[in-house]
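Me: I am new to this structure and would like to learn how to read it, one feature after another. Could you show me the general idea each time and then the case at hand?

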Amino acid sequence: MGRFLNQTTFATSSEPYSAAVGDVNNDLKPDIVVANSGANTVGVFLNKGDGTFFNQVSYATGYYPRAGIIADVNNDGKSDILVAIAGSNAVGVFLNEGNGTFLNQTTYATGNQPFSVAVGDVNNDFKPDMVVGNNNGNTVSIFVNKGDGTFFNQVTYAVSSHPRSVAVVDVNNDGKPDIIVANQGSNNVGILLNGGNGTFLNQTTYAINGGPFFVAVGDVNNDLKPDIVAAIPGSNTTSIILHG
């Protein structure tokens, strides 16, 4: 019936800002990765198999990690960790050693104060690329994957004020992943359509009532078209932009 039991809590480090779920040790059990902003770490909670988790194992990031995601960026069948490190103007990549432990991060310079990171194959070469929203830089950064889990230097595209969150989804059904960005300082959502070779057109913006912090994409009205959902803490609302 969609009902849930009361929460069970697990201790993190200081100021956990975001969480992601994925099987990081290939035991077919989903694990948890948390970005601990106040501790400058990411914490990995391995699943015991009964819905409970072992204590976190922490890995050092740069200053103030804001968002962490899980993706296999070097195509070895093992889930890696990517984290936007706001205070270091960098994105960190932790490659998985294969048993749920991770190598030290490799960092890539971003724009000013990256708050979010997403993954998608933006140039259709079957390699997952990174997209980063630079909150104080008013840009998004594209990092094209070289194929071995390392990335070329960023290419940036201007967006509106304070892009807090990004998503990578094909919104116009042309088989090319586009970028959706929550522009908190401009009270809008921006869409950058993929030009076809990993480059992007200038953003088109859609006004919403308040400054969006997070954005997600899904078909909310079952018309087989991707819609946009934005969370707006300043007005205590969620906005839905239906696909035309």
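Me: How does the radius of gyration of the protein chain agree with that of a compact globule of 244 residues?

Reply: The radius of gyration is taken over C-alpha atoms, and the globule rule is 2.2 Å times the number of residues to the power 0.38. With 244 residues the rule gives a value near 18 Å, and the protein chain has 18 Å, which agrees. Along its principal axes, the C-alpha trace spans about 45 × 45 × 35 Å. Please keep in mind that this is a predicted model, in which local features need pLDDT of at least 70 and side-chain atom pairs count only at pLDDT 80 or more, while totals for chains, interfaces and linings use all residues. Residues are numbered from 1 along each chain as its sequence is written, and side-chain values use heavy atoms, with hydrogens and water left out.

Me: How many helices and strands are there in the protein chain?

Reply: Helices (H or I, at least four residues) and strands (E, at least two) are DSSP runs, numbered from the N terminus. In the protein chain there are 0 helices and 19 strands.

Me: Into which domains is the protein chain divided?

Reply: Domain bounds come from an automatic or database domain assignment, and here they give domain 1 (1-109) and domain 2 (113-243). The contact between them, where contact means heavy atoms within 4.5 Å, takes 21 residues from domain 1 and 22 residues from domain 2. The C-alpha centres of the two domains lie 22 Å apart.

Me: What share of the residues of the protein chain count as buried?

Reply: A residue is called buried under 20% relative accessible area, exposed over 50%, and partly exposed in between (1.4 Å probe, protein chains only). By this reading, 46% of the 244 residues of the protein chain count as buried. As for the surface, accessible areas come from the Shrake-Rupley method with a 1.4 Å probe, and for residues only the protein chains shown count as cover. The protein chain exposes about 11,400 Å², of which carbon and sulfur atoms supply 51%.

Me: How many positive and negative side chains does the protein chain have?

Reply: Lys and Arg count as positive and Asp and Glu as negative, while His and the chain ends are not counted; the place of a charge is taken as NZ of Lys, CZ of Arg, CG of Asp or CD of Glu. The protein chain has 10 positive and 19 negative side chains, and the centres of the two sets lie 4 Å apart.

Me: Is Arg164 buried or exposed, and which residues is Arg164 in contact with?

Reply: Arg164, in strand S13 (residues 163-169), is buried because its relative accessible area is 12%. Leaving aside neighbours within four places in sequence, the contacts of Arg164 include Tyr17, Arg66, Phe115, Asn135 and Gln184. Arg164 and Asn112 are 52 residues apart along the chain, and their C-alpha atoms are separated by 12 Å.

Me: Where is Val119 found, and how is its accessibility to be read?

Reply: Val119 is found in strand S9 (residues 114-120), and since its relative accessibility is 25%, Val119 counts as partly exposed. Beyond four places in sequence, Val119 is in contact with Ile69, Ala71, Leu82, Pro128, Asp129 and Val168. From Val119 to Phe143 there are 24 residues in sequence and 9.5 Å in space, C-alpha to C-alpha.

Me: Which residues have a positive phi although they are not glycine?

Reply: Leu28, with a phi of about 65°, is one of them, and Asn89, with a phi of about 50°, is another. Leu28 is found in the loop between strand S1 (16-22) and strand S2 (31-36), and at 80% relative accessibility Leu28 counts as exposed. Asn89 lies in the loop between strand S6 (80-85) and strand S7 (90-94), where, at 30% relative accessibility, Asn89 counts as partly exposed.

Me: Where is Pro233 found, and which residues is Pro233 in contact with?

Reply: Pro233 is found in the loop between S18 and strand S19 (237-241), and with a relative accessible area of 40% Pro233 is partly exposed. Leaving aside neighbours within four places in sequence, Pro233 is in contact with Gly211 and Phe213. Pro233 and Pro212 are 21 residues apart in sequence, and 7.3 Å apart in space, C-alpha to C-alpha.
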